[in-house]
Amino acid sequence: MSPVMGSTLAGAVINIILDPIFIFVFRWSMMGAAVAAINNMIRKYGAMDDMFGQEQYVLLLQVWLRGAKQMLLYSS
């Protein structure tokens, strides 16, 4: 199994665990789902760090930050 595939699988499992905690226990509703999804994205991009060079990783991180910001803004 490749590192990216493993991190995607681990992120999905963690997302399944964190979604109900953030949504129901912390009562964050949509924002809780967004935070859990952002956590999953961080794991995927962390695994991609090994595959790409520094410049490509910085570009991916900038794109991710824009998407994460929009996700949090739309969920609140």
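User: In this predicted model, which residues is Asn 40 in contact with, leaving aside its neighbours within four places in sequence?
Analyst: Start by placing the residue: Asn 40 sits in helix α2, which covers residues 29-48. Its neighbours within four places in sequence are left aside. The contacts of Asn 40 are then Thr 8, Gly 11, Ala 12 and Asn 15.

User: Is Asn 40 buried or exposed?
Analyst: Buried means under 20% relative accessible area. Asn 40 has a relative accessible area of 13%. That value falls under the cut-off, so Asn 40 is buried.

User: What share of the residues of the protein count as buried?
Analyst: The cut-off for a buried residue is under 20% relative accessible area. The protein has 76 residues. The share of them that counts as buried is 24%.

User: Which pattern does the protein follow, read along the sequence?
Analyst: Count the elements. The protein has three helices and zero strands. Read along the sequence, they give α-α-α.

User: What is the relative accessible area of Val 13?
Analyst: Val 13 is partly exposed, and its value is 43%.

User: What is phi of Arg 27 near?
Analyst: Arg 27 lies in the loop between α1 and α2. Arg 27 is exposed, with a relative accessible area of 73%. Most residues other than glycine have a negative phi. Arg 27 has a positive value instead, near 55°.

User: Where is Ser 29, which has a positive phi?
Analyst: Phi of Ser 29 is near 45°, and Ser 29 is not glycine. Ser 29 is partly exposed, with a relative accessible area of 44%. Its place is in helix α2.

User: What percentage of the accessible surface belongs to carbon and sulfur atoms?
Analyst: Take the whole protein. Its accessible surface comes to about 5,300 Å². The part that belongs to carbon and sulfur atoms is 69%.

User: Among contacts between residues at least 6 apart in sequence, what percentage join residues at least 24 apart?
Analyst: A contact needs heavy atoms within 4.5 Å. Take the contacts between residues at least 6 apart in sequence. Those that join residues at least 24 apart make up 52%.

Definitions and conventions
Residues numbered from 1 in each chain as written. Predicted model: local features only at pLDDT ≥ 70, side-chain atom pairs only at ≥ 80, totals over all residues. Heavy atoms only, no water. Buried < 20%, exposed > 50% of the residue type's maximum accessible area, 1.4 Å probe, protein only. Helix = DSSP H or I, 4+ residues; strand = E, 2+ residues; numbered from the N terminus. Areas by Shrake-Rupley, 256 points an atom, 1.4 Å probe, with all protein chains shown as cover.
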